[in-house]
Amino acid sequence: MTAIATTPSGLSFISDNMAGASPRIARAVAEAALGQVLPYGNDPFSDRARNTLAGIFEHEVGVFPVSTGSAANGLSLAALTPPWGSVLAHRDSHIHHDECGAPEFFTGGAKLVGLAGGDSKLDPDALRAAAGRRAGDVHSVQPSVMSISQATESGSVYSVPEIRELTAVAKDAGLRTHMDGARFANALAHLGVTPADMTWKAGIDVLSFGATKNGAMTADAVISFDPALSDELAFRAKRAGQLTSKMRFQTAQLDAYLTDDLWLTNARHANAMATRLGDGLKAVPGTGLLATPQANILFCRLPAHVTEGLLAEGYAFYHDRWEPGIVRFVTAFSHTTEDIDQLLDAIHRHTA
């Protein structure tokens, strides 16, 4: 058998997408492969996952498993805005920068409008101004949806009061609300609140529920808190090729992910690794954190020779993508304290 080249987990900090799967999730997929069940989500695994999610969110939910976060975001936004609408999101958001026009494709042409705000968070005043801009003018796209990322692209986390303030602005202007929760569990672990507190109780209509970055294989989901959207989302998921015939392989992952709080255990660990790395960097001369990490993403400044030295040792991370000297490290559930300490030792060596 030909060996497949992989990057050792202790050297890779490019993204939590590079981590493998939690063993319990891998076992759940293997168990789902046994025997035969009805297709297209009419199986015990899917029923169990839907019931578990309803219990976790303390609410009737529409659950639509998808294979990617981009599909989750695109389908969510398509159900919330007409083609002549606009989606108001932070200018640094994933839907604005990193989805190759998928939201515009799924919505049939709705426009994404990037707004300002510190720490990659929407500013309420900027949202208020954009939500009323040219409303009712047939010559302009109509503000239709507010979308926030939780956690954000810079690793910051909206507090529940911050979410409530933004959704109140949106609702007052007649906008629907969407949360990109690719790192939902990391944000939840940081805040220590309930899933309900951070979503529908705070005014969120539809959630893109991420699991892949936090221990699953290929399983994310659209979760709707508005029953009126369920039929449309079901048809849109089918039309987009996201209604998988063997859905049990996705929902078995989601069920294992949620059972016994595995998702929160994984997220807390990933967050703790970022905190450990951040604390260690504070003691390294010539480096500087851009912000204290709240989730599992850390941005810092490193001298060019330090970055070059780490890359030469086999470390993998994003650098100079945002501006010269800026480095991003992303920690995952699979990183160990030894991995973090070895990275810090390497940074110390190259700064000496």
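Biologist: How many bridges join strand E2 to E3?

Modeller: This is a predicted model, where local features need pLDDT of at least 70, side-chain atom pairs count only at pLDDT 80 or more, and totals for chains, interfaces and linings use all residues. Residues are numbered from 1 along each chain as its sequence is written, and side-chain values use heavy atoms, leaving out hydrogens and water. Strands (E, at least two residues) and helices (H or I, at least four) are DSSP runs numbered from the N terminus, and two strands pair if DSSP finds at least two bridges between them. E2 covers residues 85–90 and runs parallel to E3, and the bridges joining them number 5.

Biologist: Which residue in E3 is the bridge partner of Leu88?

Modeller: E3 spans 111–115 and is an edge strand, pairing on one side only. There, Leu88 has as its bridge partner Val113.

Biologist: What is the order of the strands in the open sheet?

Modeller: The pairing is mixed across 7 strands. E1 (62–66) and E3 are the edges.

Modeller: Buried here means under 20% relative accessible area, with exposed over 50% and partly exposed in between (1.4 Å probe, protein chains only). H14 spans residues 337–351. Its buried residues are Asp339, Ile340, Leu343, Leu344, Ala346 and Ile347.

Technical notes
Expected span 1.5 Å × (residues − 1).
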